[in-house]
Amino acid sequence: MNFVHAYRINILGVLMGILFGFLMSRAGATTYDYHVKMFLFEDMQLMKVIGTAVVIAMIGVYLLKRFHVSAIATGTEVDFVKKPYQQGLIAGAFLFGVGWAMTAACPGTIPAMVAEGKVGAVFSLIGLLLGTLAYGILQSFIANNGSYKDAFKP
């Protein structure tokens with residue numbers, strides 16, 4: 001078995017990631033000024049890009065469900081399992097929004113910004129990784145102590 005055959009799914013994932021990053025860059029999603037202008041309601045170009053992506057994703061999900069499409073990697077039917085509501089979801093969404101507004105970056109745009117050589121994105125990436133680590137540690141702590149309230153008792 002050769003290298004390309006053994007890692008074809010990983011190679012496809014990397015190529016799709018590069019294409020996604022390139023398209024985000026071309027759309028202006030990796031440019032700080034577009035984010036600032038969007039949040040100040042001065043230029044809605046980025047909001048139009050986001051809205052277009054949402055509509056295309058909705059159509060794509062509908063078509064995937066309608067035609068019972070199989071996944072490229074596994075060959076199994078693509079399934080959309082609804083996740084249950086979790087306590088802290090609203091607070092997490094609020095923190096995500098605050099972080100996005102402060103850095104003009106979200107987890108999807110940070111790798112593309114780093115690839116473009118934007119130094120500020122490196123700090124966002126470090127913050128993203130530290131936040132993910134803190135979340136994992138906190139979740140483990142809460143799971144081992146039984147409740148959310150017990151996690152903050154001295």
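1. Going from the N terminus, the elements of the chain read α-α-α-α-α-α-α. That comes to seven helices and zero strands, where helices (H or I, at least four residues) and strands (E, at least two) are DSSP runs numbered from the N terminus.

2. A word on what you are looking at: this is a predicted model, in which local features need pLDDT of at least 70, side-chain atom pairs count only at pLDDT 80 or more, and totals for chains, interfaces and linings use all residues. Residues are numbered from 1 along each chain as its sequence is written, and side-chain values use heavy atoms, with hydrogens and water left out.

3. On overall shape, the chain has a radius of gyration of 19 Å, whereas a compact globule of 154 residues would come out near 15 Å. The radius is taken over C-alpha atoms, and the globule rule is 2.2 Å times the number of residues to the power 0.38. Along its principal axes, the C-alpha trace spans about 55 × 45 × 35 Å.

4. How much of the chain is buried? Of the 154 residues, 12% count as buried; the cut-offs are under 20% relative accessible area for buried, over 50% for exposed, and partly exposed in between (1.4 Å probe, protein chains only). The chain exposes about 12,000 Å², and carbon and sulfur atoms supply 71% of that. These areas come from the Shrake-Rupley method with a 1.4 Å probe, and for residues only the protein chains shown count as cover.

5. Contacts next, meaning heavy atoms within 4.5 Å. Among those between residues at least 6 apart in sequence, 37% join residues at least 24 apart.

6. Now the rings: the structure holds two aromatic pairs. Phe39 and Trp100 make an edge-to-face pair, 5.4 Å centre to centre with 80° between the planes. This pair links distant parts of the chain, since Phe39 sits in helix α3 (residues 32-39) and Trp100 in helix α5 (residues 89-103), 61 residues apart. For reference, rings of Phe, Tyr and Trp (its six-membered ring) pair if their centres lie within 6.5 Å; planes under 30 degrees apart count as stacked, over 60 as edge-to-face and the rest as tilted.

7. What about Phe96 and Trp100? Their ring centres are 6.3 Å apart and their planes stand at 50°, so this pair is tilted. Both residues belong to helix α5, four residues apart, about one turn of the helix.

8. Phe41 is not a glycine, yet it has a positive phi of about 60°. Phe41 lies in the loop between α3 and α4 (45-66) and counts as exposed, at 68% relative accessibility. His68, also not a glycine, has a positive phi of about 50°; His68 lies in the loop between α4 and α5.

9. Is Ser124 buried or exposed? Ser124 is buried, with a relative accessible area of 13%. Ser124 is found in helix α7 (residues 119-145). Leaving aside neighbours within four places in sequence, Ser124 is in contact with Thr103 and Ile110.

10. Last, charge: the mean positions of the 11 positive and 7 negative charges of the chain are 6 Å apart. Lys and Arg count as positive and Asp and Glu as negative, while His and the chain ends are not counted. Each charge is placed at NZ of Lys, CZ of Arg, CG of Asp or CD of Glu.
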